[in-house]
Amino acid sequence: MIACHDITFCYPGAETPLFEGLTIEIDRPGFHALFGPSGVGKTTLAKIISGDIDTFSGQVSLSTAKPCLYTFNRERLPGWSPVGRHLEKTTPAGRGPLRDELIEHFGLSPLMGLRFSQLSMGQCNRVNLLRYLLQDFDILIMDESLANVDDPTRQTILYRIKALFPETIFLYISHNVVEVARFCDRIIVCRGAHRAPQVDQIRGQNHRADQPLDKEAMEHAMLEIMNAA
Ligand SMILES: Nc1ncnc2c1ncn2[C@@H]1O[C@H](COP(=O)(O)OP(=O)(O)OP(=O)(O)O)[C@@H](O)[C@H]1O
């Protein structure tokens with residue numbers, strides 16, 4: 001459903017390519033991760049998949065009917081606008097009930113009367129992610145979208161997204177090894193163009209709120225991810 005084949009990409013002026021003949025595949029819906037050290041190219045790969053960067057060689061094929069959206073933390077929001085009114089104005093037709101459910105589960109109800117300029121970074125990031133979840137998409141890339149959000153709230157949000165969108169592909173970029181091992185199905189570990197293989201794929205716990213958590217398997221996945229990175 002996401003297939004990147006033989007991708008080579010170099011930023012203009014850079015001495016070495018960021019990716020050289022990189023191939024990755026995600027063949028089923030669910031919650032997957034892009035993981036790896038800072039600067040290894042996760043955001044760049046996300047932008048190649050979403051179509052924001054098109055100056056690469058190789059092929060990207062997305063076999064989905066609806067678009068692939070890319071969202072990141074610190075996205076620009078209309079600072080002067082009251083949050084509730086902005087969400088009402090931008091909610092697509094028929095998505096009001098989903099919006100209201102997400103507002104409640106993302107812990108945003110008390111903020112609806114405030115302006116964006118009055119929100120914390122973590123509050124802005126939650127509202128921004130919610131705006132994307134109301135759109136039409138088959139793939140959503142979440143680039144550190146829950147940065148500055150406390151762990152219990154992140155957990156609630158991730159469980160809710162997984163329950164509400166079982167047929168969608170999420171590509172979750174995060175530096176939190178515990179989180180990706182727990183919530184994600186496949187973890188694509190980016191290792192850099194100079195290493196072979198450039199990426200490794202690890203199975204996570206893909207945990208849902210109504211399941212028991214296999215802590216031993218999760219710790220094993222965390223070790224595998226750390227060793228691969
Ligand atoms: N527009 C750009 N022009 C030139 N180089 C860039 C550009 N954007 C990113 N880079 C470089 O490409 C490399 C990969 O950046 P990228 O943002 O994809 O990494 P990342 O893995 O997402 O990092 P982080 O985890 O810190 O967000 C870095 O060395 C960065 O300096």
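What follows is a short chat about the labels and the cut-offs behind them.

Guide: First, the model is predicted, so local features need pLDDT of at least 70 and side-chain atom pairs count only at pLDDT 80 or more, while totals for chains, interfaces and linings use all residues. Residues are numbered from 1 along each chain as its sequence is written.

Visitor: Why is Gly-96 called partly exposed?
Guide: Count the other C-beta atoms, placed from the backbone, within 10 Å: 20 or more is buried, 12 or fewer is exposed, and in between is partly exposed. Gly-96 has 13, so it is partly exposed. Gly-96 is found in helix H3, residues 96-105; helices are DSSP runs (H or I) of at least four residues and strands (E) of at least two, numbered from the N terminus.

Visitor: What about Arg-74, buried, exposed or partly exposed?
Guide: Arg-74 has 13 other C-beta atoms within 10 Å, so it counts as partly exposed. Arg-74 sits in the loop between E5 and helix H2 (83-90).

Visitor: What makes the phi of Arg-74 worth a mention?
Guide: Most residues other than glycine have a negative phi. Phi of Arg-74 is near 65°, a positive value, and Arg-74 is not a glycine. Asn-206 has a positive phi too, about 50°, and is placed in the loop between E9 and helix H7 (215-228).

Visitor: Why is Asn-206 not called buried?
Guide: Asn-206 has 17 C-beta neighbours inside 10 Å, so it counts as partly exposed.

Visitor: How do you know which strands pair with E6?
Guide: Pairing takes at least two bridges found by DSSP. E5 (residues 68-72) and E6 run parallel and are joined by 5 bridges, with Cys-68 opposite Ile-139. Another 5 bridges join E6 to E7 (residues 169-173), also parallel, and there Ile-139 has Ile-169 as its partner.

Visitor: What makes E6 a mostly covered strand?
Guide: In E6 (residues 139-143), 5 of 5 residues are buried. Ile-139, Ile-141 and Asp-143 lie on one side, Leu-140 and Met-142 on the other.

Visitor: How do you know which residues surround the ligand?
Guide: The test is a C-beta atom, placed from the backbone, within 6 Å of the molecule. The shell includes Tyr-11, Leu-18, Lys-42 and Thr-43, and divides into 4 nonpolar, 6 polar and 1 charged. Here Ala, Val, Leu, Ile, Met, Phe, Trp, Tyr, Cys and Pro count as nonpolar, Asp, Glu, Lys and Arg as charged, and the others, Gly among them, as polar.
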